[in-house]
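Here is a short report on one protein chain. Keep the sequence and the model side by side as you read.

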Amino acid sequence: MASAPLELYRTALATRRRLVADEALEWADDMSATDRGTLHFRRSGGWECVANLSDEPRPLPAGELLLSSAPVTGEQLPPWTTVWLHTTR
């Protein structure tokens, strides 16, 4: 049986191959969000990556959850969790 980190990595690679159109990246957060431990960027093709690098839950942007490093329920991004979202933006 494969380990959970290995499965997450394999899923991330397959998902990224399907989503990435080019290498363009746009930071979605201002510095105040980064100072609070949240990194958020957008990629072409309508997907976003949000990482909560803090000990507190943070608001989860709207979108279809594609990948998560930990279970996500509701509209909060748990501490120390990264998600990939598909958005209509």
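**Ground rules**

This is a predicted model, in which local features need pLDDT of at least 70, side-chain atom pairs count only at pLDDT 80 or more, and totals for chains, interfaces and linings use all residues. Residues are numbered from 1 along each chain as its sequence is written, and side-chain values use heavy atoms, with hydrogens and water left out.

**Overall layout**

The chain has 2 helices and 7 strands. Helices (H or I, at least four residues) and strands (E, at least two) are DSSP runs, numbered from the N terminus. Along the sequence the pattern reads α-β-α-β-β-β-β-β-β. The chain has 89 residues, and 31% of them count as buried. Buried means under 20% relative accessible area, exposed over 50%, and partly exposed in between (1.4 Å probe, protein chains only).

Five strands form an open sheet in the order E1-E2-E3-E7-E5, with antiparallel pairing. Two strands pair if DSSP finds at least two bridges between them. E1 and strand E5 (64–68) are the edge strands, and each pairs on one side only. From one strand to the next, the twist averages 25°. Helix H1 (residues 4–19) packs on this sheet and touches E2, E3, E5 and E7. The direction of H1 makes about 135° with that of E5. Axes are lines fitted to C-alpha atoms, for helices over the stretch in contact, and angles run from 0 to 180 degrees between N-to-C directions. Contact means heavy atoms within 4.5 Å.

| Strands | Sense | Bridges |
|---|---|---|
| E1 and E2 | antiparallel | 3 bridges |
| E2 and E3 | antiparallel | 6 bridges |
| E3 and E7 | antiparallel | 6 bridges |

Glu 26 has Arg 42 in E2 as its bridge partner. His 40 stands opposite Val 50 in E3. Ala 51 has Thr 82 in E7 as its bridge partner. The hairpin of E2 and E3 has 3 residues between the strands, and Gly 45 there takes a positive phi near 95°.

Strand E3 is largely enclosed by the rest of the structure, because 6 of its 6 residues are buried. In a regular strand the side chains alternate between the two faces of the sheet. Trp 47, Cys 49 and Ala 51 point one way from E3, while Glu 48, Val 50 and Asn 52 point the other way.

**Aromatic pairs**

The structure holds 2 aromatic pairs. Rings of Phe, Tyr and Trp (its six-membered ring) pair if their centres lie within 6.5 Å; planes under 30 degrees apart count as stacked, over 60 as edge-to-face and the rest as tilted.

Trp 27 and Phe 41 are edge-to-face, at 5.7 Å centre to centre with 75° between the planes. Trp 27 lies in strand E1 (residues 25–27) and Phe 41 in strand E2 (residues 38–43), 14 residues apart. Trp 27 is exposed at 53% relative accessible area, whereas Phe 41 is buried at 18%.

Trp 47 and Trp 84 have ring centres 4.9 Å apart and planes at 55°, so this pair is tilted. Trp 47 sits in strand E3 (residues 47–52) and Trp 84 in strand E7 (residues 81–86), 37 residues apart. Trp 47 is buried at 2% relative accessibility, and Trp 84 is buried at 14%.

**Nonpolar cores**

Which residues make up the largest nonpolar core? Its 7 residues are Ala 12, Leu 19, Phe 41, Trp 47, Cys 49, Leu 67 and Trp 84. A nonpolar core is a set of buried Ala, Val, Leu, Ile, Met, Phe, Trp, Tyr and Cys residues joined through side-chain atoms within 4.5 Å. Not counting residues up to four places away in sequence, Ala 12 touches Leu 67 and Trp 84. Another core of 6 residues lies apart from the largest one, with Val 50, Leu 60, Val 72 and Leu 77 among them.

Arg 43 is found in strand E2 and is buried at 13% relative accessibility. Not counting residues up to four places away in sequence, Arg 43 touches Arg 16, Val 20, Asp 22, Glu 23, Ala 24 and Leu 25. Arg 42 is also in strand E2 and is buried at 17%. Arg 42 and Thr 87 are 45 residues apart in sequence, and their C-alpha atoms are 9.5 Å apart in space.
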